[in-house]
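Dear colleague,

I am passing on the structure we spoke about, and below it I have set out what was found. Please read the notes with the coordinates open beside them.

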Amino acid sequence: MAEEMSRKPYVREMTSEWIFRHPRYLRYMTREFSCLFIGGWTLMMVWGLKQLAAGPEAWASYLEWLKSPASIAFHVIALAFATYHSVTWFNLTPKALPLQLGEDFVPDAAISGAHFAAWAVLSAAVLYLAGAF
Amino acid sequence: MAISSKPIVWGPFAAGGTVTAFVTPVLIVLTLLAALGHAPDLLAYDRLHALAGHWFVKLAIVGVVFLSLWSCAHRLRITLYDLGVRADILVATVLYAATIAATAASVLYLARI
């Protein structure tokens with residue numbers, strides 16, 4: 001009896017084809033795929049720490065490896081994805097951190113704008129302190 | 001109210017997303033310059049070794065590594081689910097474990113500097 005009553009649940013088949021159905025979905029996935037490049041670069045940095053700890057020769061070989069064409073290509077793509085992540089993240093800050101002053105909410109543009117400004121100042125400071133210019 | 005582990009997973013994701021938004025692009029520019037043969041002074045062995053020898057800098061590096069990798073792991077987990085991978089518990093375990101392993105490795109390397 002119980003067997004007759006039991007039903008086989010319908011499991012809707014899930015494919016990744018939906019990504020291409022609308023540009024908005026594609027932009028969403030582009031943002032989400034930034035994690036592969038940010039994570040990949042971070043792992044590369046952890047490997048750099050290993051080489052730095054191993055001494056000057058190991059560090060020199062790491063810097064030499066960075067100059068390979070594959071590494072240059074990876075850096076260029078990773079920089080584009082990382083920047084896209086930053087832009088989307090800061091654009092969302094008014095949703096994550098709505099700020100109320102008295103009766104009114106601070107305009108969205110002011111909140112995300114403050115983040116963009118802080119990002120620009122921080123990036124310039126890091127480049128300056130690192131001796132990049 | 002049921003106790004949920006969601007804040008523990010989501011908290012480092014949000015923190016990591018913020019950290020990577022602020023610092024990752026400029027750090028990539030530094031290694032990109034090195035890749036193009038114009039390594040900034042900071043990446044010279046003596047200077048970087050001395051900087052990474054400071055306990056506060058070590059703490060900051062470990063923090064950035066952990067938060068960056070955690071947010072990437074979490075995002076990749078959600079993305080794989082969106083792409084139709086339904087083995088979420090397995091995916092989550094592998095990705096979070098890899099994050100913790102890489103963070104532990106960076107602690108080990110920094111301890112030698």
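A place to begin is A:Trp59, which, leaving aside residues up to four places away in sequence, touches A:Gly48, A:Gln51 and A:Leu52 in chain A, and B:Leu43, B:Ala44, B:Tyr45 and B:Leu48 in chain B. Please keep in mind throughout that this is a predicted model.

The largest nonpolar core has 53 residues, and A:Trp59 is listed with A:Leu52, A:Leu66 and B:Ile61 as having the most contacts inside it. At least two residues of this core come from each of α2 (23–54), α3 (56–66), α4 (69–96) and α5 (108–129) of chain A, and likewise from each of α1 (6–35), α2 (45–52), α3 (55–82) and α4 (88–111) of chain B.

Turning to chain B, its fold consists of four helices and zero strands, which gives the pattern α-α-α-α when read along the sequence. Its radius of gyration is 17 Å, well over the 13 Å that the globule rule gives for 113 residues, so chain B is more spread out than a compact globule. The C-alpha trace of chain B spans about 50 × 30 × 20 Å along its principal axes.

Of the 113 residues in chain B, 45% are buried, and among its contacts between residues at least 6 apart in sequence, 64% join residues at least 24 apart. The accessible surface of chain B comes to about 5,800 Å², with 76% of that belonging to carbon and sulfur atoms. As for charge, chain B has 7 positive and 4 negative charges, whose mean positions are 8 Å apart.

With best wishes

Methods
Residues are numbered from 1 along each chain as its sequence is written. Chains are lettered from A and ligands numbered from 1 in the order in which they are written. This is a predicted model: local features need pLDDT of at least 70, side-chain atom pairs count only at pLDDT 80 or more; totals for chains, interfaces and linings use all residues. Side-chain values use heavy atoms; hydrogens and water are left out. A nonpolar core is a set of buried Ala, Val, Leu, Ile, Met, Phe, Trp, Tyr and Cys residues joined through side-chain atoms within 4.5 Å. Buried means under 20% relative accessible area, exposed over 50%, partly exposed in between (1.4 Å probe, protein chains only). Contact means heavy atoms within 4.5 Å. The radius of gyration is taken over C-alpha atoms; the globule rule is 2.2 Å times the number of residues to the power 0.38. Accessible areas come from the Shrake-Rupley method with a 1.4 Å probe; for residues, only the protein chains shown count as cover. Lys and Arg count as positive and Asp and Glu as negative; His and the chain ends are not counted. The place of a charge is taken as NZ of Lys, CZ of Arg, CG of Asp or CD of Glu.
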